[in-house]
Amino acid sequence: MNLQICTSKGDEYQVFIDKKATTYDLKSLIETKYQIPNNKIVLIFHNKILKDSENLSVIGDNNTYPSIMMELLEMTNHNEESLSAEKENLISKIPNFMENVKTAQHIMELKKLKPQKFVYDHRFDQRYPLTIISPDFKEIRLVMSPNSTIGDILQKLKFDHSKYSIYKTKQNLYNNSKLSDFGINSNHCIQCTFSTISKKYRPATSVIAMNVMSEISFNLAVFEEMTISEVKTLIQKKQNISNIDVIFLLFETRILEDHKRLSDYRIPHNALIKFGLLNLQYVIGIESRNFSRVLFVENDCTIQDLMQIITPIFKIDSKSQILFLNGQPITGPNGIFHENAKLSQISDRKRVFIIEVRSKSDPFFLIKYHQLDYKVDIDSPDDSIYQLKQKIFQNPKLQILISQQQLSYKNRILNDQELISETKIRYGEVLTLSHTKHQPEFPLSIDLCGQPIKMNVHSNMYIFDIKHQISQHSTIDSQSLKFSIQPEKLDINSRLVEIPNNGHLNFVILSNESTINVKIKTITNNNFDINVNPECLVLDFKNTLHNLLGSLSRNLKILYNGVPLSEISTLKSAGVKDSDEIFVLAKT
């Protein structure tokens, strides 16, 4: 059965579990799936704390999501007596909570709204796990409260704060992370660099164009970012064709669309591109998930005729077929045309177009937005709702930032972390898309390879969205951008809660005694300052950089004044002085 577990801070967790399972089984599932420790969870259903041995059948088995309230306990002592005392404390608070529920129910009834769920949550002292690398490269693990300062950590580890400093390590920010996941809720500076996207094919610099009728061929000089429309212009000039609109291009078994680029089709060097000239026939590209075919059909062909042609080729029965034009269904229950409609009615006067064909059992959803339906294919049932939203964003007609998308199914809002398989929604169903705009909460500073960028953001914004906004105002492909929070020396009075983190903090302790300040530069502009003892070996300096940068391998190359430094030499013997620049490269 499906269960919805929620907290008053807006956290929602959906799980699917056998109704014969116990409460302990449910806690274990929550721990495995959401990394919430089993022994810190108390589950409450209908004003009653569920016992570990209790069977979940007491919750009932209906089509709705029963709401369970989750209590998180942070216990300094995990013995039975203290745990029992905490539970008694919880129970004593429930009556007041239930009074508030009754009031809320009364208010909602007045507004004629059906109450969906009521949440109770109380967090005791949340604590941060820390991983700290000491000056002698030993790993230390601590758990500290959010209000602990950097000075508290040094004191606990018995390091004199006048002789040692703590540096925060580099943190990579990934597309599916929100700013709030890293505690970024005020003005912070994020580093943005380029990454090289490797290509597994040789991009086209020359193609062979062949007329499908005469089979006459010739070479064309092209480049990978050239649009199909620009390739048509080259053919028009080469063949003295009066009207470019009558030219269509084919690569293998696909029609090439004017607005796309050669690189979109991964057309390799010296590939054969076929071209033809339109007459009274329609040229239609039919594409399924794994197969494509080009059809030449007569002017009076109907949608039903087309479906009968498709049946033996794609082995999809006409009753199970759903046809899509520009991502919108033209047949089926949500189709916008009748099967007897002629191609001239659906083609918008175009004689070349692409129709996608799907079986009703194929993995896709229809996304309803502003009363129109759009197809979105699913790669795997183990994809998350977040990944589904990424695909929605890729549709040119649905380019809504992921953090501004709200997906719902039968009035139930879908959680971004939920897996498609967990939703139990059948393929082909209609999901409703709403555009929810958030007001900016704070400014964010971004260092784009030395170029400062300022933008106003909100804490629930995804890194994916920020990358897209940067690419919108530049020629940079959003996929080539990498975000990180750079290593930084922390002030002794800084509190842990003020330091951007994703629930776990990594620190490096370095000595302040007899140190010089050097400026670290990398090829991707990951730049930061560090205090270092000039008497230290280059090998130890490399290990320190590895601990600070994390994502780089230990196989680093250190350059000073353009000269690689030997690992057995010291920084001082190499001539490194205060305020000097050292370049760091990762060996390939």
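Helix 7 (385–394) is mostly covered in this predicted model, since seven of its 10 residues are buried, that is, under 20% relative accessible area with a 1.4 Å probe and protein chains only. Helices here are DSSP runs of H or I with at least four residues, strands are runs of E with at least two, and both are numbered from the N terminus. The buried residues of helix 7 are Ile385, Tyr386, Leu388, Lys389, Gln390, Ile392 and Phe393. Their cover includes strand 21 (364–369), strand 22 (372–377), strand 23 (405–409), helix 8 (420–423), strand 25 (430–435) and helix 9.

Helix 7 also supplies at least two residues of the largest nonpolar core. A nonpolar core is a set of buried Ala, Val, Leu, Ile, Met, Phe, Trp, Tyr and Cys residues joined through side-chain atoms within 4.5 Å. This core has 26 residues, and Leu179, Ile184, Leu444, Ile466, Ile470 and Phe483 have the most contacts inside it. A second, separate core of 24 residues includes Ile520, Phe528, Leu545 and Ile582.

Leucine 179 is in contact (heavy atoms within 4.5 Å) with residues including Ile184, Ile190, Phe442, Leu444 and Ile466, leaving out those up to four places away in sequence.

Threonine 169 lies in the loop between strand 8 (164–168) and strand 9 (171–173). Threonine 169 is buried because its relative accessible area is 8%. Beyond its neighbours within four places in sequence, threonine 169 touches Ile485, Pro487, Asn506, Phe507, Val508, Asn547 and Leu548.

Residues are numbered from 1 along each chain as its sequence is written. In this predicted model, local features need pLDDT of at least 70, side-chain atom pairs count only at pLDDT 80 or more, and totals for chains, interfaces and linings use all residues, while side-chain values use heavy atoms, with hydrogens and water left out.

Definitions and conventions. Buried means under 20% relative accessible area, exposed over 50%, partly exposed in between (1.4 Å probe, protein chains only).
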